[in-house]
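Thanks, everyone. I'll take the pocket, then the salt bridges, then the rings.

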Amino acid sequence: MSRVLWTVWVLGAVTNLSKEEASDQASSLSCDPTGVCDGRSRSLNSMPSGLTAAVRSLDLSNNEITYIGNSDLRGCVNLEALKLGSNGINTIEEDSFFSLRSLELLDLSYNLLSNLSSSWFRPLSSLTFLNLLGNLYKSLGETPLFSQLMNLRILKVGNIYSFTELQEKDFAGLTFLEELEIDASNLQRYEPKSLKSIQNISHLALRMKQPVFLLEIFADLSSSLKHLELRDTHLNTFRFSQASISETNTLIKKWTFRNVKITDGSFSEVVKLLNYVSGVLEVEFEDCTLDGLGNFNIADMDTIKNIGGIETLTVRRLYIPYFYSFYDMSSIYSLTEDVKRVTVESSKVFLVPCSLSKHLKSLEYLDLSDNLMVDEYLGNSACEHAWPLLQTLTLRQNRLKSLEKTGETLLTLKNLMNLDISKNNFVSMPETCQWPEKLKYLNLSNTRINSVTRCIPWTLEILDISNNILESFSLILPQLKELYISGNKLKTLPDASFLPILRVMRISRNTISTFSKAQLDSFHTLKALEAGGNNFFCSCEFLSFTQGQQALAQILTDWPENYLCDSPFYVRGQRVRDTRLPVSECHRAALVSAVCSVLFLLIVLTGVLCHRFHGLWYLKMMWAWLQAKRKPRKAPPGDVCYDAFVSYSEHDSYWVENLMVQELEHFNPPFKLCLHKRDFVPGKWIIDNIIDSIEKSHKTIFVLSENFVKSEWCKYELDFSHFRLFDENNDAAILILLEPIEKKAIPQRFCKLRKIMNTKTYLEWPTDDTQQEGFWLNLRTAIRS
């Protein structure tokens, strides 16, 4: 019983462990919503489980997978791309790809497959790309592998070490390929017609160390191939034999030699081959080594008048170990007379001999980029009668320094229309230059020039002066149609009147802060403008213009991605199209008008409120208070020189001066009164007179009447007395009611005065003569108190 339980426990543990591994492997994939799954470099040692029909692309490159089973991909019925390169796959079961009928791309490169099976590929009717490079197989199998792949367009087979033979049946069933790459570096056996079954091949890349079977392969492909590329081959032992080639009319239009080693002798053999067959139009040498001195077989060259009608010759990064001992190649000059396009890049060319230039009678295009051409030797290359039909000359990235000498040297080129002298070190530009009269295109980019002058020909239609240090552009070029001036230090667009028929302008990566609708409209013929990457000041006017013009996107080719605000700082980095500024920035005039209107209304309202609630009175009282604060709170006894200060209206002066003064000042003992007419100090501010008089008086007598209430100066006197009365908390005021006054006639602001009249006794002048004596007695008593 215990043994049974133990067995059950072990089986359960194994099952759980398998589930955990499956979960871990599934989580190692990252899939997007479209079904593209990435499992590269995840150290997977087996195919992930749980793959479903949702997966459309699966990349498991650079893992440690060794085995693919029949059920691993069974659920991937919609899979279109499967990449399994650079694993350790050594076994694929027969029906592993059975359900992949939608598969278009299959990459099994650089694994450990020693045998290939046609059953793998039989269900893959939709396959267009198949890569089997870098495995361990010696051949492509006993039966045709690709006969069912009717849609296959790109095929890559072979490996650098073990792949040794090509058989006649290997490519059976394939009728058309866009690209065929064969790594036959160690090829030892080639069955005739092995490649002949493919009726049409656009491009064959053939890697082989030795050229043993090159002629046989060439013979099989001559009527079906368009572009033959030979890689990593040592042509030292190559010998041409007419007996190997029966077909002289070939379909091959282009030959490329990539990383090929050639000697003087093998070069002659290649020339013989190209001379024997017809139809080749372009020959390209890239990263090749010419291991010789240019000592070509002159006797053989004399018999060669034409090398198959070649029109284009391209040489890139040619390495000549014995460069300084190399011959002048005069023996092959005659082969160049029909060549129309020549490119020699990055090959340390410092001189094209005048005699060679004269032989290039059909040359229309010459590219000598990234070489060692200098002003002194350019004249020898562009000598009289050199390159008579040349229309395009590229001298980019050489050692030219004088723009004036360069232009003058090229005057011999009567048909020159396009000149590229970019990436040279001209620095300065002379005031005037001479150029070929037909010149239409000039490239002066990356030449460190800091200004432009009339040295630039006015006949130009296209001018490129990008990536320099120009701060302005003010040339008149009436025929210019395209201007490329990016990567400089321009602050504004050029004047449109100088460029009347300009159609295309690229002025990105300068220091332009803005441009307007008027500026753009001034370019009447402009169709395309690239102005991104500048330091745009996102003002209200600029934003209004750029965001309000729907048709602007048709002219600005890089709108809106490359148009970013540089200032103001709070919108820096934002796209111009999406930037929004505060209302206060863009409607400043309206805002100022609104603020002024509000301030005006506030002032009017304040005035109304002040008038309504006696604000002016409070201001006057504040001033009086401040004046009083500067003085002692209470006058010293020695300073009190009046018994009473009399405050009265001018209209009541008769009663005061003829009655009250007579009764008080002529009484025994007499009272000393202070009257403003008599006792105020002349020239002193009246307010100070009032304050001083009140402070120097023992009492203050107010002669109240309707006239008093209406008098402005009486108000001042009453105001300050009212202030002193309650600031010092004393009883210095004596009120005389000369005539009846209604309570409402007393201003509301004198609330405490009204209260005093309600709570304290005041003297009322009697109209009855018999009662007047008692009035004067009471007044004298009040003054003495």
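Start with the lining of the largest pocket. Helix 4 (264-276), strand 17 (282-286), strand 18 (289-291), strand 19 (312-316) and strand 20 (341-345) each give it at least two residues. Helix 4 supplies the largest share, four residues. Helices (H or I, at least four residues) and strands (E, at least two) are DSSP runs, numbered from the N terminus.

A word on the source. This is a predicted model: local features need pLDDT of at least 70, side-chain atom pairs count only at pLDDT 80 or more, and totals for chains, interfaces and linings use all residues. Residues are numbered from 1 along each chain as its sequence is written, and side-chain values use heavy atoms, with hydrogens and water left out.

Back to the pocket. The space in the largest pocket is about 1200 Å³. It has 42 lining residues, and closest to its centre are Leu 318, Met 329, Ile 332, Val 344 and Leu 356. How does the lining divide into nonpolar, polar and charged residues? There are 37 nonpolar, three polar and two charged.

Now the terms. On a 1 Å grid over the protein atoms alone, a pocket is an open set of points where a 1.4 Å probe fits, with protein on both sides within 12 Å along at least five of seven lines; lining residues have an atom within 4 Å of a point. Grid points are joined across faces, edges and corners, and the volume is the space filled by probe spheres set on the points. Ala, Val, Leu, Ile, Met, Phe, Trp, Tyr, Cys and Pro count as nonpolar; Asp, Glu, Lys and Arg are charged; the others, Gly among them, are polar.

Next, salt bridges. The structure holds 35. Each is a side-chain nitrogen of Lys or Arg within 4 Å of a carboxyl oxygen of Asp or Glu. Here are three of them.

First on my list, Arg 207 with Asp 183, at 3.8 Å, N to O. Arg 207 lies in strand 13 (residues 200-207) and Asp 183 in strand 11 (residues 176-183), so the bridge ties together parts 24 residues apart in sequence. Arg 207 counts as buried because its relative accessibility is 18%. Asp 183 is buried as well, at 8%. Buried means under 20% relative accessible area, exposed over 50%, partly exposed in between (1.4 Å probe, protein chains only).

Next, Glu 286 and Arg 258. Their closest N and O atoms are 3.0 Å apart. The pair links distant parts of the chain, strand 17 and strand 15 (residues 254-258), 28 residues apart. Glu 286 is buried at 13%. Arg 258 is partly exposed at 25%.

Then Arg 316 and Glu 345, at 3.5 Å between the closest N and O atoms. Arg 316 is in strand 19 and Glu 345 in strand 20, 29 residues apart. Arg 316 is partly exposed at 24%, while Glu 345 is buried at 17%.

Last, the rings. Rings of Phe, Tyr and Trp (its six-membered ring) pair if their centres lie within 6.5 Å; planes under 30 degrees apart are stacked, over 60 edge-to-face, the rest tilted. That rule gives 23 aromatic pairs. One is Phe 645 with Phe 680, stacked, 6.2 Å centre to centre and 5° between the planes. Both are buried. Ring pairs also join Phe 515, Phe 536, Phe 542, Phe 545, Trp 559 and Tyr 563 into a cluster.
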